[in-house]
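Take a look at the sequence and structure first.

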Amino acid sequence: MITAKELSKLLGLSEAAVSMALNGRPGVSDATRERVLAAAREYGYDFSRIKEKQFEREHAEGNLLFLIYKKHGAVVADTPFFSELTQGIEAETRGSEYRLIVRYLYEEDSRAMLESAKKEGCAGAVILGTEMSEDDLTLIQNLPFPFVLLDTYFEGASYDSVLINNVQGAYLAANYLISKYRTQAGYLRSAYPINNFSERADGFYKAIRKCGLSPSRSIVHHLTPSAEGAYSDMLELLDRGEPLARCYFADNDLIAAGAMRAFTEQGKRIPQDVAVVGFDDIPLCGYTSPTLTTVRVPKQEMGRAAAKRLLEKIKDGHTPPVKIEIGTVLIRRASA
C-alpha cells in the first residue's frame, strides 16, 4: 500500500502538492489532481485516510476565520455592504491552502466563541469591527493567531487595520453640497457612536472649515442609522417644527433614505427644497425616489485587502502593523 510520500516521489511532485490533490484542497491544477488520484488508485493508496485528514483539518491550523462582530446590530446587518466584504475575502483566499469559515461574533457570547476558536485552532482571522469600540479590543488582544481588523481603526491599538477613507468620503460629499448650493450644509448624523461615523464627522467639518464656514452653524439631526429608524426620527423632528438645512450629508445611505422619505411625506421636494447625499452606495440608492447621490466604497476591494494582509502576516509574523485606507468616489444621482 503506497503512502502520500511515496506517491510524491513516484510522480516527481512535492508532498504538499500530492496532499492538496488527495484531500481536494485548492492550490493544484485539475490536471495534476487527476494525475495524483489516478496513481493513488493504481498503487493502492488508502483513501480512508482522506476522511481522517479532513476531520483533523477542521480542528487544525488550516482554517481562516471571518468574524463579524455584532454589538447592537444597528449598523452591522445582513446587507449587501457586508456580503460584498465577504465576497472579497473569499476571492483573495480561494487560491490559498486555507479554508475560510464565516461566523458572527455577538457581544454577549464573544468570549465563549473566541475560546472555542482557540481550541479548534486556526491560522488567522479577519475581524469585522464596524460596531467595535476601543474597550471591545480586550476581547481579541490575546488571540493566539494573527488577525486583521476590517472597517475600523483605533489610534491606541497596534493592530493591522483595513478601512474606508471615511474622512475623504465625507469631505467630498460636504464640499460638493456647499459648492453646488452655495450655503451651509447640514448633517444627518448617526445617533449611535460608531468609529466610522466619527471619522465621517471629521471629514464633514473639515469641508465646512475649508469653505470658510463656522462648524457651529451647521444644522445637525441625530438619527437612528437604519432606514426605518431615521424615517421615524426625522418625522418627529419635522412635527416639532425643527429648522431645516437646504442640503444634508448623511452618515450612511440608510439614514439618507429614511430622512428623504420623511421629507417627501411632509411635502418637501428633493432636491428642489432639500438635497441629500449619503455614504456607502448600497443597491438601495438606485431605487429611492429620487435616486440617491452618495459616496461609493469599493467593498470587495476592502475584503480582498484585509485577506491579503492576513495571509502576509501568517507568512511573516514579524511585520509591523499597518493601516490601509481604501479611497472613495462621489456618485452623483438625482437627490443632490
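## Rings, charges and a sheet

K323 lies over the face of Y153, at 4.1 Å from the ring centre. R261 does the like with Y231, at 3.6 Å from the ring centre. To count here, NZ of Lys or CZ of Arg has to be within 6 Å of the ring centre and within 35 degrees of the ring normal.

| Charged residue | Ring | Distance to ring centre |
|---|---|---|
| K323 | Y153 | 4.1 Å |
| R261 | Y231 | 3.6 Å |

A word on the source: this is a predicted model, where local features need pLDDT of at least 70 and side-chain atom pairs count only at pLDDT 80 or more, while totals for chains, interfaces and linings use all residues. Residues are numbered from 1 along each chain as its sequence is written, and side-chain values use heavy atoms, leaving out hydrogens and water.

Now for rings meeting rings. Searching the whole structure turns up 8 aromatic pairs (rings of Phe, Tyr and Trp, the last by its six-membered ring, with centres within 6.5 Å; planes under 30 degrees apart are stacked, over 60 edge-to-face, the rest tilted). Y248 and F263 have ring centres 5.9 Å apart and planes at 20°, so this pair is stacked. It links distant parts of the chain, with Y248 in strand β8 (residues 247-250) and F263 in helix α10 (residues 253-265), 15 residues apart. Helices (H or I, at least four residues) and strands (E, at least two) are DSSP runs, numbered from the N terminus. Y248 is buried at a relative accessible area of 0%, and F263 is buried at 0% too; buried means under 20%, exposed over 50% and partly exposed in between, with a 1.4 Å probe and protein chains only.

Strand β8 also belongs to an open sheet of 4 strands, ordered β7-β6-β8-β9 with parallel pairing; strands pair if DSSP finds at least two bridges between them. β7 (220-223) and β9 (275-277) are at the edges with a single partner strand each, so one side of each has no neighbour in the sheet. Strand β6 (residues 186-190) is joined to β8 by 3 bridges, and Y187 stands opposite F249 in β8. Both residues turn up again in a cluster linked by ring pairs, made of Y187, F204, Y205, F249 and F279.

Stepping back, the protein chain has 11 helices and 12 strands. Of its 336 residues, 50% count as buried.
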